[in-house]
Amino acid sequence: AIICVVALVVGIAIWATQSADKKEGANIDLGDPRCLLQIEEQSIFAVCSCSGSAENYVLKDEELDFYEDNAAQMLSNKGLIEGPFDRDSCEPGNQALLWSSSFTRAGFSTPGVLLQFSGTGLLQMYTLAYTYLVLGGTDWARGSTSVEDTFDVCQWDYVSCSFLARVVELNLADNNLVGELPEELSHMPYLKHLDMARNPGLNGTIGEFKSSELYRSLKAMHLDFTSISGTIPSSLSMLTMLNQLDLANTRLTGSLPTSLGYIENLSYLMVNDNALTGTIPTDIGMLSNLQLLDLSSNRFSGTIPTQVEVLIVVELIDVRNNVGIHGTIPTALGNLPRLGTTFLSNTSLDMTSLPETFCNLTVRSRSYDVVVLNCTEGRPTCSCCESLVLCADAFPAGDATYLE
């Protein structure tokens, strides 16, 4: 009987401990092979996976000072995490902070590691480790060299760095990301290329950009074919260096912000296959460097603004499958010197005639010069319509060759 009572007490104690861990949000995996390592050999990620608490992750005195005084204070000032800090927590932010404070374990094997443990380097380490944790890094399709293997983020498979170990590219496309898009990614001031496309498990919203310091170098953002939802924030215009913005095939709603017109370097704007509404903003005409504009398969309404005449380097315009777009086809479209394929089918535009300016397209002898229209009332009239116009039923969706 005494043995049974003791066993019962021990069982209750174990259950209480596990319950406490679960309340903290720990994801305990006792089948993790990392649990077979000695505790001093386990990374913070293994410790949390195996025990549900960071209590057993030992920091040396100098690392603990760094964690408490320098790292925590700096990150708190940046608004990434809030104090007071629970040293034993396995919350992703604390795991990332503990990992980025463990500088003696790095061994300083490369100059890149040395540079990463100060200033922007610490922010990079924290942000990348946090991203790994919240987006299911252990199940990523690629990334055999990552946060679990080395402190030198420049050696990770999906990271590219420039001189002085500055992260300039994060390529996580087709990588089985699962979770919400972390706002923390905006705290990487040297990042130029962010590609998280074709990850259907990636959800959440595109956060507001509150400072010109955030993403200040970003030139390309690819979030296409994900489950990102919500609206396109007007503060996106603060990304003044942005050249490519691909938000196609997501779950975006709301209108296209007029402020996008202020991203003067934008060359590729793709927001097709969403549920965007409202009119096409006239400010689109401010994008004088735009080469590709794809607004197709949304719920836009109104007319095509005459301001498109300013898009002198645009090569492809696609507004098809927006039944709310109506009015006449702008004469200015035919005057655009580099315009090639123009998709206007499955809209409510008047397609009984085509402005004669479109015949200028054939003069330029571009191999893909074509205007795709509905021909429900017959082929539209113009001097070159016989050779220039393709009816929508003769041009299946997906046959367009987009510019590289």
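## Disulfides in a predicted model

Cys382 and Cys385 form a disulfide, with 1.9 Å between their sulfur atoms. The model is a predicted one, and it holds 5 disulfides.

The link of Cys382 and Cys385 is right-handed, with 120 degrees about the S-S bond. Cys382 has a relative accessible area of 17% and is buried, because the cut-off for a buried residue is under 20%. Cys385 is also buried, at 2% relative accessibility.

Cys359 and Cys384 form another disulfide, their sulfur atoms lying 2.1 Å apart. This link of Cys359 and Cys384 is left-handed, at -95 degrees about the S-S bond. Cys359 is buried at 11% relative accessible area, and Cys384 is buried at 9%.

Cys48 and Cys90 are also joined by a disulfide. Cys48 belongs to helix H2 (residues 44–51), while Cys90 is in the loop between helix H3 (61–77) and helix H4 (92–100); the pair therefore ties together parts that are 42 residues apart in sequence. The link is left-handed, with -90 degrees about the S-S bond. Cys48 is buried, with a relative accessible area of 4%, and Cys90 is buried at 7%.

| Disulfide | S-S distance |
|---|---|
| Cys48 and Cys90 | 2.1 Å |
| Cys359 and Cys384 | 2.1 Å |

Technical notes
Residues numbered from 1 in each chain as written. Predicted model: local features only at pLDDT ≥ 70, side-chain atom pairs only at ≥ 80, totals over all residues. Heavy atoms only, no water. Disulfide = S-S within 2.5 Å. Helix = DSSP H or I, 4+ residues; strand = E, 2+ residues; numbered from the N terminus. Buried < 20%, exposed > 50% of the residue type's maximum accessible area, 1.4 Å probe, protein only.
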